[in-house]
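Let's take a walk through this one together. Have the sequence and the 3D view open as you read.

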Amino acid sequence: MDGATEQLKIVVADDSAVYRKLVENTLGNEQYAVVYGKNGREAIDLVAAHQPAVVITDWEMPDITGLQLCEQIRRDHDSYRYIILLTSNTEKNQIIEGLAAGADDYLTKPFHPGELLARVTVGRRIAELHRQVQAKNRLLEELALTDSLTGLPNRRAIEHWATRELKGADRHGYSFWVVMADLDRFKNVNDTYGHETGDLVLQKFAELLKANTRSSNMCGRIGGEEFVLVLSHIGKEDVVTAIERIRRQLEAERFAVGARTLSITASFGVSGIEGRSAPQFNELLRAADMALYAAKRGGRNRIEFASTFSPEPDVLVARS
């Protein structure tokens, strides 16, 4: 957070108009965006509305005490807030109680304006460190669920998402399809043209999958030249239409490699359910994988459905 460009958000809760004015006079000339609550309930609403980095609260308030406010903020909010407790209590046991309730710091009334400013500055620094850590953690989570070459979700992300969606399909009785896709003779591409060209082919196929996947569905790379699509709320004929469109687009693609031109195809295996009890996602994935191998044996560049979970007999869509 750059203090020159972004104001620090602060919520102040105090039932005393005198102390609210003292805080206002102290913080008013600084780069702070301060909102004031006359009691604990107002403060709770203000914290939810403004998502402040720092909260300054009086200990004794008529409705919700400062300790209760600390506890509720810690319980209800994932983002970190630096809490300064204003108190007339000087007993160590009471101060310990306040810190145990979730306060980060305390200031004894009557307070010196310079000391309040100094403690808010500390709060700002710590809140910013927490923000940076949270941002890095979110990035690490995203990286842990993303295939680095293609930018698509990886196997872990697919399994997590698909398992949750499959429960919905089981509960509400809608269709759910798992598609395994594998680039045909991809080893020859790497051996003949090099891994750099192989990477370009994988990235292009990932683009085709992403462009042809609705936001309510998912596609990802599970390793090597193998990809997965998860489709729902459509019938078998629509699944064929969607995959056939991807198959034809890849077949029509041309990759320039020096003076040579490379074309490549993919095979697809599909398993799914329509309006009946759902198996485990890994079972559907295994059935789709078996159908994929059948498509490979059948000549490649084709779609084949597994009979294990498909509600109709196997359907083959051979290459045109």
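The lining of the second largest pocket is made up of five charged, three polar and three nonpolar residues (nonpolar is Ala, Val, Leu, Ile, Met, Phe, Trp, Tyr, Cys and Pro; charged is Asp, Glu, Lys and Arg; polar is the others, Gly among them). Asp184, Arg185, Ser263, Ile264 and Thr265 are the ones nearest the pocket's centre, out of eleven lining residues. The volume is about 180 Å³, taken as the space filled by probe spheres set on grid points joined across faces, edges and corners. A pocket here is an open set of points on a 1 Å grid over the protein atoms alone, where a 1.4 Å probe fits, with protein on both sides within 12 Å along at least five of seven lines; lining residues have an atom within 4 Å of a point.

Before going on, keep in mind that this is a predicted model, in which local features need pLDDT of at least 70, side-chain atom pairs count only at pLDDT 80 or more, and totals for chains, interfaces and linings use all residues. Residues are numbered from 1 along each chain as its sequence is written, and side-chain values use heavy atoms, with hydrogens and water left out. Mean pLDDT (the predictor's confidence in each residue, from 0 to 100) is 88, with 93% of residues at 70 or more. Take care with residues 310-320, where pLDDT stays under 50, and likewise with residues 1-5.

Now find strand 6, residues 176-183: eight of its eight residues are buried (under 20% relative accessible area with a 1.4 Å probe, protein chains only; exposed is over 50%, partly exposed in between). Strands are DSSP runs of E, at least two residues, and helices runs of H or I, at least four, numbered from the N terminus. Phe176, Val178, Met180 and Asp182 point one way, while Trp177, Val179, Ala181 and Leu183 point the other. Strand 6 pairs (at least two DSSP bridges) antiparallel with strand 8 over seven bridges, Trp177 being partnered with Leu231. Strand 11 also runs antiparallel to strand 6, joined by eight bridges, with Gly269 as the partner of Met180.

The Lys109 to Pro110 peptide bond is cis, with omega near -10°, and Pro110 sits in the loop between strand 5 and helix 5. Gln51, not a glycine, has a positive phi of about 50°, and so does Asn301. Gln51 is partly exposed at 39% relative accessible area, whereas Asn301 is buried at 1%.

Notes. Contact = heavy atoms within 4.5 Å.
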